[in-house]
Amino acid sequence: KKTDETEKQHVSFEFLKNIDFYISSGILFFYVGVEYAVNGWIVTYLKDTGIMSTSLAQKILSILWIIIIFGRLFSAYISKKVDKKIILLASSVGTTIFFVLFLMSSNLWAIVGCILGLGFCLAGIYPTTISNVGDVLKGSGIAMGTLLGVAGLGGIAMPYITGIVAEKKGITGGMVAISVAIIFLFLFTLVNRLRKPKEELNK
């Protein structure tokens with residue numbers, strides 16, 4: 001009975017009044033959208049543009065996931081010394097640069113390097129964002145559930161939008177659609193970085 005009463009007390013919608021929650025939701029929405037769209041369409045792009053064979057593209061995609069694992073470990077390590085907002089902004093800047101270079105490159109090894117660099121930069125955004133908004137989520141299961149729900153919507157919407165654009169404008173157009181999501185990801189991390197800490201806002 002006491003446990004039930006405690007859980008009821010923790011059901012609060014106060015997080016909806018916190019701007020940091022919306023900023024973090026935006027970051028995760030576009031991050032998950034970009035990750036899912038890249039994983040879902042990059043093999044098609046590499047194959048249809050004649051850059052590499054399907055089998056090689058799939059191998060590169062597998063290596064990408066290994067790079068993501070190391071990237072997340074690296075982000076966890078440096079987060080002890082570096083501000084999480086700086087990590088998020090730097091990661092989104094790196095993601096933007098590598099994706100643009102990926103679209104502009106024609107050399108096979110340059111493209112492979114851009115793909116792996118893209119994965120490394122994307123790697124730490126999800127866990128760092130969760131950690132960055134930890135004070136808002138603390139003790140609120142519904143806040144965490146809402147945040148993950150918004151992130152999941154990004155994972156559904158972005159691959160779908162990419163597919164629609166690719167059908168009408170070709171796979172290159174689909175990649176450009178992903179770049180738009182990356183720009184929004186950068187903007188949300190920039191706002192997150194420029195926003196003053198809550199302690200300073202209360203002064």
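**Helix packing in a predicted model**

Trainee: Which residues of helix 3 do Tyr 31, Glu 35, Asn 39, Ile 42, Val 43, Leu 46 and Lys 47 in helix 2 meet?

Mentor: This is a predicted model, in which local features need pLDDT of at least 70 and side-chain atom pairs count only at pLDDT 80 or more, while totals for chains, interfaces and linings use all residues. Residues are numbered from 1 along each chain as its sequence is written, and side-chain values use heavy atoms, with hydrogens and water left out. With contact taken as heavy atoms within 4.5 Å, and helices as DSSP runs (H or I, at least four residues) numbered from the N terminus, the partners in helix 3 are Thr 54, Ala 57, Gln 58, Leu 61, Leu 64, Trp 65 and Arg 72.

Trainee: How are helix 2 and helix 3 oriented to each other?

Mentor: Their axes, which are lines fitted to C-alpha atoms over the stretch in contact, with angles from 0 to 180 degrees between N-to-C directions, come within 7 Å and cross at roughly 155 degrees. Because angles over 145 degrees count as roughly antiparallel, helix 2 and helix 3 are roughly antiparallel.

Trainee: What distance between end C-alpha atoms does helix 4 have?

Mentor: The expected span of a helix is 1.5 Å times one less than its number of residues. For the 21 residues of helix 4 (residues 84-104) this should give 30 Å, and it agrees with the distance between the end C-alpha atoms, 30 Å.

Trainee: Is Thr 128 buried or exposed?

Mentor: Thr 128 lies in helix 6 and, beyond neighbours within four places in sequence, is in contact with Ser 75, Lys 84, Ile 87 and Leu 88. Its relative accessible area is 6%, and since buried means under 20% and exposed over 50%, with partly exposed in between (1.4 Å probe, protein chains only), Thr 128 is buried.

Note on methods:
Helices (H or I, at least four residues) and strands (E, at least two) are DSSP runs, numbered from the N terminus. Angles under 35 degrees count as roughly parallel, over 145 as roughly antiparallel, 65 to 115 as roughly perpendicular and the rest as oblique.
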